[in-house]
Amino acid sequence: MKNLLKYLGYYTIFLILLLFITSILNLIGVNSTITNLLIFLFNISLFFIFGFKNGKIATNKGYFAGLKIGGLFLLLLIIINLFTNKNIFRISTLIYYLVLVLASVSGGMLGINKKKEK
């Protein structure tokens with residue numbers, strides 16, 4: 001549980017930093033499609049990396065370790081979207097969430113396979 005909260009804190013810090021950077025890019029005049037793509041790619045990579053890290057410390061079932069961390073991050077994103085967006089349960093948003101959870105699950109499965117043998 002301690003590792004999950006630590007990863008949640010790291011994810012929140014990285015997410016705030018990313019939103020700050022993309023806001024600056026929008027102010028400079030970069031197209032919003034490009035900044036949305038950056039946010040999407042960054043979120044996929046964070047879900048994968050933290051799923052991988054959580055999978056490396058899991059004892060068994062890497063997909064479950066990735067699902068736990070992905071679900072926790074997804075819960076944070078849903079809470080943020082509840083306050084900032086009116087239409088959060090569109091089909092495109094649900095596909096976005098599904099891709100993020102799949103990235104986390106695949107990271108967890110890869111992490112448990114890369115665990116060092118004792």
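In which helix does Leu-17 lie? Leu-17 lies in helix H1, and the points below take the rest in turn.

1. A word on the basis. This is a predicted model, in which local features need pLDDT of at least 70 and side-chain atom pairs count only at pLDDT 80 or more, while totals for chains, interfaces and linings use all residues. Residues are numbered from 1 along each chain as its sequence is written, and side-chain values use heavy atoms, with hydrogens and water left out.

2. Overall fold. The protein chain has 4 helices and 0 strands, and its elements run α-α-α-α from the N terminus on. Helices here are DSSP runs (H or I, at least four residues), strands are E runs of at least two, and both are numbered from the N terminus. Along the principal axes, the C-alpha atoms fill a box of roughly 55 × 30 × 20 Å.

3. Of the contacts in the protein chain with a separation of 6 or more, 77% are between residues 24 or more positions apart; contact means heavy atoms within 4.5 Å. Among the 118 residues, 31% count as buried. Buried means under 20% relative accessible area, exposed over 50%, and partly exposed in between (1.4 Å probe, protein chains only).

4. Surface. The accessible surface of the protein chain comes to about 7,900 Å², and 71% of it belongs to carbon and sulfur atoms. Areas come from the Shrake-Rupley method with a 1.4 Å probe; for residues, only the protein chains shown count as cover.

5. The nonpolar patch. Back to Leu-17: together with Tyr-10, Phe-14, Phe-20, Ile-21, Ile-24 and Ile-28, this residue forms a nonpolar patch on the surface, with about 700 Å² of accessible area together. Leu-17 counts as partly exposed, at 46% relative accessibility. Patches are made of residues with over 30% relative accessible area and no salt bridge; nonpolar side chains (Val, Leu, Ile, Met, Phe, Trp, Tyr) are joined within 5 Å, and like charges within 9 Å. A salt bridge is a side-chain nitrogen of Lys or Arg within 4 Å of a carboxyl oxygen of Asp or Glu.

6. The positive patch. Lys-2, Lys-6, Lys-53 and Lys-56 gather in a surface patch of positive charge. Helix H1 (2–28) and helix H2 (32–57) each supply at least two of its residues. Lys-53 is found in helix H2 and is partly exposed, with a relative accessible area of 41%. For the charges, Lys and Arg count as positive and Asp and Glu as negative, with His and the chain ends not counted; the place of a charge is NZ of Lys, CZ of Arg, CG of Asp or CD of Glu.

7. Gly-111. This glycine lies in helix H4 and is buried, with a relative accessible area of 0%. Leaving aside neighbours within four places in sequence, Gly-111 is in contact with Phe-52, Gly-55 and Lys-56. The C-alpha atoms of Gly-111 and Leu-46 are separated by 14 Å, at 65 residues apart along the chain.

8. Thr-93 and Asn-87. Thr-93 is found in helix H4 (residues 91–113) and is buried, at 11% relative accessible area. Not counting residues up to four places away in sequence, Thr-93 touches Asn-87 and Ile-88. Asn-87 has its place in the loop between helix H3 (62–84) and H4, and is partly exposed with a relative accessible area of 45%. From Asn-87 to Leu-19, 68 residues apart along the chain, the C-alpha separation is 20 Å.

9. Thr-59. The loop between H2 and H3 holds Thr-59, which is exposed with a relative accessible area of 74%. The C-alpha atoms of Thr-59 and Leu-75, 16 residues apart along the chain, are 24 Å from one another.
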